[in-house]
Amino acid sequence: MRVVVCDTGPLLHLSEAQALDVLSLTGEVHIPKAVDAEMAQRDATWQTQKPKWVQVNVLALPHAPQAAAWQQTGFLDVGEAEAIALARQLTADWLLTDDAAARVFAQLLGVEVHGSLGIVLWAAAVGHLQRGDAEATLDRLEQSSLWISAAVLEEAKAALDKLFTQRSLE
C-alpha cells in the first residue's frame with residue numbers, strides 16, 4: 001500500500017471542496033503533529049471529526065531537528081517542514097502539498113510531490129472519480145482557499161478532457 005504524507009494545504013483545500021475522502025484512496029495517509037495542530041486551528045471540528053484514516057505521527061531523530069532547522073530558515077512553515085521530514089522518516093511514496101516552496105524543496109530531496117489538483121486528476125485517472133465528479137471537485141477547489149490561476153485550472157480541465165477522451169476510445 002502506498003505511504004502518503006500530507007501537509008495542511010491538501011487536507012484543508014480538499015475539505016473545503018467537500019472532497020477530503022479522495023485522500024483516503026491514495027493509501028496510508030500520515031500527518032505530523034504540527035499539521036494536526038494547524039488543522040485544529042483552521043477547522044473547529046478537526047479534533048472531533050478527523051477522519052479515522054488519517055494517522056498522526058511523531059518525528060523521530062534525526063528528522064525532528066532537521067524539520068526545526070528547515071523551519072528556522074523561513075523558507076518553510078512548521079507544518080511543511082515536519083511533513084517533508086515525516087515523508088523522509090517513513091520513506092513515503094508521495095508528499096502532498098500545495099505550497100510551491102515546499103514542493104521544490106521536497107523534490108530537491110528526492111521526494112515525489114503532488115498537490116490537491118494532482119490528487120483529483122489521479123483519482124479520475126484510476127477510476128475513483130467520474131468525469132463530472134472530478135470537474136465539479138476542480139470547480140469547488142477553485143472556490144476554496146487554494147489559490148489556483150486560471151491557466152492552471154484550464155490545464156487541469158484539459159487533462160481531464162484528454163483522460164476521458166482516451167478512455168472512451170479504448
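Let me start with a pocket. The second largest pocket is lined by D7, T8, G9, L12, H13, E38, R42, D77, E80, T97, D98 and D99. A word on how that is found. The search runs on a 1 Å grid over the protein atoms alone; a pocket is an open set of points where a 1.4 Å probe fits, with protein on both sides within 12 Å along at least five of seven lines, and lining residues have an atom within 4 Å of a point. Two elements give two or more residues to this lining: helix 1 (8-16) and helix 3 (33-42). Helix 1 gives the most, with four residues.

Before I go on, the ground rules. This is a predicted model, so local features need pLDDT of at least 70 and side-chain atom pairs count only at pLDDT 80 or more, while totals for chains, interfaces and linings use all residues. Residues are numbered from 1 along each chain as its sequence is written, and side-chain values use heavy atoms, with hydrogens and water left out. Helices (H or I, at least four residues) and strands (E, at least two) are DSSP runs, numbered from the N terminus.

Back to the second largest pocket. About 170 Å³ of space lies in it. That volume is the space filled by probe spheres set on the grid points, which are joined across faces, edges and corners. What classes of residue make up this lining? One nonpolar, four polar and seven charged. Nonpolar here covers Ala, Val, Leu, Ile, Met, Phe, Trp, Tyr, Cys and Pro; charged covers Asp, Glu, Lys and Arg; the others, Gly among them, are polar.

One of the lining residues is T8. T8 sits in helix 1. It is buried, because its relative accessible area is 7%. The cut-offs: buried is under 20% relative accessible area, exposed is over 50%, and partly exposed is in between, with a 1.4 Å probe and protein chains only. Leaving out residues up to four places away in sequence, T8 touches V35, E38, M39 and R42. Touching, or contact, means heavy atoms within 4.5 Å. T8 and E80 are 72 residues apart in sequence, yet their C-alpha atoms are 7.6 Å apart in space.

Now the largest pocket. Its volume is about 250 Å³. Of its 13 lining residues, D98, R103, L117, W147 and V152 are the closest to its centre. Helix 7 (100-108) and helix 8 each supply at least two lining residues to the largest pocket. Which helix gives the most? Helix 8, with three residues. By class, this lining has six nonpolar, four polar and three charged residues.

Next, the domains. The assignment gives domain 1 (3-115) and domain 2 (117-168). Those bounds come from an automatic or database domain assignment. The C-alpha centres of the two domains lie 22 Å apart. Their contact takes 16 residues from domain 1 and 14 residues from domain 2. The lining of the largest pocket draws at least three residues from each domain.

That brings me to S116. It belongs to helix 8 (residues 116-125). Is S116 buried or exposed? Buried, because its relative accessibility is 0%. Not counting residues up to four places away in sequence, S116 touches G9, P10, H13, L14, D98, L141 and L146.

On to the helix pair. Two packed helices are described by the angle between their axes and the distance between the axes. The axes of helix 1 and helix 8 come within 9 Å and cross at roughly 65°. From helix 1, the contact uses G9, P10, H13 and L14; from helix 8, S116, I119 and V120. By class, that is four nonpolar, three polar and no charged. The axes are lines fitted to C-alpha atoms over the stretch in contact, and angles run from 0 to 180 degrees between N-to-C directions.

Last, the backbone. Most residues other than glycine have a negative phi, and most peptide bonds are trans. The bond from L61 to P62 is cis, with omega near 0°. P62 is in the loop between strand 3 (54-57) and helix 5 (63-72). Q18 is not a glycine, but has a positive phi of about 55°. Q18 lies in the loop between helix 1 and helix 2 (21-24), and counts as exposed because its relative accessibility is 60%. T91, also not a glycine, has a positive phi of about 50°. T91 lies between helix 6 (78-90) and strand 4 (94-96), in the loop. At 63% relative accessibility, T91 counts as exposed.
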